[in-house]
Amino acid sequence: MRQARPPLLARLRWYWLFQLAGWSGIGLLTLQSLSFNGVSWAIAGTSFWGAASGLALSIAWRRRLRRQQLVGRHAEWWRIVPAVVTLGVLQTVLVALGYVVLQPFGNVRGVDWLPSALASWTGTFLVWTLLYLMAQSLRRANRLEAEALRLEILAKDAQLRALQAQVNPHFFFNSLNSMRALMYEDRDAAAHMIDQLASLMRHALQSGQHALVPLAAELEAVRAYLAIELIRFEERLRVTFDITDGLEALRVPPMAMQTLVENAVKYGVEAHGGGCDIRITVRRVRDGGVAMLHIDVANTGALRSASGSTCIGLRNARQRLQLLCGDSASLELHEQAGWVHATMQFPEQP
């Protein structure tokens, strides 16, 4: 598999581009200031001699900054400032050497130009150093931001895996309880339940490798689970599905709907000797122009405190839902007109 190339802007060598552009600009400005009586090869050579020497000194200065780690979270100005002054002196000497060798205006006489040249080149290297420090600070900030984002993603992934690792054993524990109760009533039915449970656990383990699974696969697992529970409860468990067409390919958190159905069976069917109706509804709704997947698992009965329950399933389902789908995702329990509704809603995940 070929690795994607980074964008063009990320591949450019920005340091060298700015270096060449900056010192070339200084050479052109020097040429313009010296060519008041016309341009000669000596004047052009002197102008770009200064630019070339400045470029060489700045490269050496950058290497020293990096090698001695003078640029960090807190710049060591007590070492940087004397070095900048030294660079200004060296550059002035090199530029003066160019005037002596090329003689654009004849023999060099006097030193009246020396203080202004020294101040000018020292200021140039001071500005260069400030710009370089600013660029390094921005680069360091971007790198730290990228690292923080990477760690946040890793932490989110670890949390999701930890929650998923709790969901599957929780489901398996509930299924074993159902199987144990059935073994005393109908051994053949218990054997059939074991086969169904093995198939269902295979789905749970496979789906656990993915953050999201197709709604069709989740519905298949729900139907398999309900088939197991129908063996145990028979006519006491009555289930109806209301699934809007065209939603089967949308993705949902694995075992999330399964958890809601388990909750409905536990606090609906098991709590009522006369049986319970469970209604599973999946449809698309609009919330502020955003397409949302609305999943409602309702059971007849009343909302009551789940004493003795760890509530691991619902708590983990809510946390996983928000981690995967953002703060707009929700999972709520409420009672309405003799039905207890577990309603899960989140933005569509194609």
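Two strands are taken as paired if DSSP finds at least two bridges between them. In the predicted model described here, strand β6 (residues 330–336) and strand β7 (339–347) are joined by 7 bridges and run antiparallel. Across this pair, Q336 stands opposite W339 of β7. The two strands form a hairpin with 2 residues between them, and A337 takes a positive phi near 50 degrees there. A337 is a residue other than glycine, and its place is the loop between β6 and β7. With a relative accessible area of 77%, A337 is exposed.

A second hairpin is made by β4 and β5, again with 2 residues between the strands. D287 stands opposite V290 in β5. In the turn of this hairpin, G288 has a positive phi of about 65 degrees.

Strand β4 also pairs with β2; these two strands run parallel and are joined by 7 bridges. Within this pairing, R238 has D277 in β4 as its bridge partner. The side chains of D277 and R238 also meet in a salt bridge, with an N to O distance of 2.7 Å. Because D277 belongs to strand β4 (residues 276–287) and R238 to strand β2 (residues 237–243), the contact ties together parts that are 39 residues apart in sequence. Both residues fall in the intermediate class of accessibility: D277 is partly exposed, with a relative accessible area of 28%, and R238 is partly exposed at 35%.

A search of the whole structure finds 2 salt bridges. Besides the pair of D277 and R238, a salt bridge is formed by the side chains of R284 and E348, at 2.3 Å from N to O. R284 lies in strand β4, whereas E348 lies in the segment after β7, so this pair ties together parts that are 64 residues apart in sequence. R284 is partly exposed, its relative accessible area being 40%.

The surface of the model was also examined for patches of nonpolar and of charged residues. A nonpolar patch is formed by W49, L97, V100, V101, L102, V108, V111, W113 and L114, which together have about 740 Å² of accessible area. Helix α4 (residues 77–102) gives the most to this patch, with 4 residues. L102 is a member of the patch and is placed in helix α4. Patch members must have over 30% relative accessible area; L102, at 33%, counts as partly exposed.

The loop between α4 and α5 contains Q103. Phi of Q103 is near 50 degrees, a positive value in a residue other than glycine. Q103 counts as partly exposed, with 37% relative accessibility. A phi near 50 degrees is likewise found at A337, which is exposed.

A negative surface patch consists of E185, D186, D188, E234 and E235. One of these residues, E185, lies in the loop between α5 (114–183) and α6 (187–207).

Definitions and conventions. Residues numbered from 1 in each chain as written. Predicted model: local features only at pLDDT ≥ 70, side-chain atom pairs only at ≥ 80, totals over all residues. Heavy atoms only, no water. Patch = residues over 30% accessible without salt bridge, like charges linked within 9 Å, V, L, I, M, F, W, Y side chains within 5 Å. Areas by Shrake-Rupley, 256 points an atom, 1.4 Å probe, with all protein chains shown as cover. Salt bridge = Lys/Arg side-chain N within 4 Å of Asp/Glu carboxyl O. Lys, Arg positive; Asp, Glu negative; His and termini not counted. Charge placed at Lys NZ, Arg CZ, Asp CG, Glu CD. Buried < 20%, exposed > 50% of the residue type's maximum accessible area, 1.4 Å probe, protein only.
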